[in-house]
Amino acid sequence: LMSCCAFGQIPAARPEFEVADVKPNTSGQPLGAGSILPSGQFRAINIPLKELIKFAYKVRNEAIVGAPAWADSERYDINGKAAPVGLEETFWRSTSAVQVMQFSYNWDDTFRLMVQTFLSDSFKLALHQEKRPMDVLALVVAKSGAKLQKAADSGRPECTRTVGAELRAQAVCKKVSMADLARAMQVFAPGYANREVVDLTGIEGTFDLQLDWVGIQNIDSGGLTMPGALEKQLGLKLEPRKLPVTVLVVDHVERPSDN
């Protein structure tokens, strides 16, 4: 949908952190990480503004238009405090240099809204949405038919990815919709899902599933690629399409002032 209103206009009722601060990170390190602790602490270490926007609005890099160059190049450390969430630590961004790791993604919209508020307050960020045609990957049902197991119970969706020797990866997801799975693939296998993944399966409901594949950097070692695993294990496939996609246009942004 076309939007006439700037995202920078924050409603009074929008969630916000109890306390939050931002500091420039000048370490020169190439990698950063972001996580949410059970205590309710939101952390972003050595993260550029664009990565924060991507988390806050659930978009990919190519869907952010008009951001200044420093939004990619300058890094920040951010700590926000919210109410305890009572979960294990979850990572919304993690270093790809770690080959044996777990990565959980819980689609916590409350934290996303709090980060939106923080960006508006601290970076004076104002955005609006537009629809533009873009190259995407459509998640569709393969000719063999979907092979999906209905979720055993209800609750929040959750996926965990484990990467082991020779970049062999496994994702175990519970209570996920097909739209959740499309978003998860962009996080778990960005080499394969190098465009926005759009759910066009037409499948309703939530499912428990497992995917096993080999990372794109090591496909010569044998094993299923992510597309191959999707088709063989879940009866789904990815097809390149050009579709209208919502993009975020940056109307205004400023570097944060010193705390």
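**Close-up views of a predicted model**

View 1. Leaving aside residues up to four places away in sequence, phenylalanine 123 touches Val22, Leu49, Trp70, Tyr76, Phe118, Val253, Glu254 and Pro256. Phe123 belongs to the largest nonpolar core, which has 37 residues, and together with Phe42 and Leu119 it touches the most other members. At least two residues of this core come from each of several elements, including strand 3 (41–48), helix 3 (109–122) and strand 14 (236–252), while helix 1 gives the most, with 6 residues. Another core, of 29 residues, lies apart from this one and has Val176, Phe188, Tyr192 and Leu238 among its members.

**View 2. Arginine 161, a buried residue with no salt bridge.** Arginine 161 is located in strand 10 (residues 158–163), and the nearest side chain of opposite charge, that of aspartate 212, is 12 Å away. The arginine 161 side chain instead reaches the backbone oxygen of phenylalanine 188, at 3.0 Å.

**View 3. The salt bridge between lysine 175 and aspartate 153.** The closest N and O atoms of this pair are 3.6 Å apart, and the pair links distant parts of the chain, with lysine 175 in strand 11 (residues 168–176) and aspartate 153 in the loop between strand 9 (149–150) and strand 10. Lysine 175 is buried at 16% relative accessible area, whereas aspartate 153, at 47%, is partly exposed.

View 4. Aspartate 180 is buried, with a relative accessible area of 10%, but arginine 183 is partly exposed, at 23%.

Note on methods
Residues numbered from 1 in each chain as written. Predicted model: local features only at pLDDT ≥ 70, side-chain atom pairs only at ≥ 80, totals over all residues. Heavy atoms only, no water. Helix = DSSP H or I, 4+ residues; strand = E, 2+ residues; numbered from the N terminus. Buried < 20%, exposed > 50% of the residue type's maximum accessible area, 1.4 Å probe, protein only. Lys, Arg positive; Asp, Glu negative; His and termini not counted. Salt bridge = Lys/Arg side-chain N within 4 Å of Asp/Glu carboxyl O. Polar contact = N/O pair within 3.5 Å; in protein donor to acceptor, adjacent residues only side chain to side chain. Core = buried A, V, L, I, M, F, W, Y, C linked by side-chain atoms within 4.5 Å. Contact = heavy atoms within 4.5 Å.
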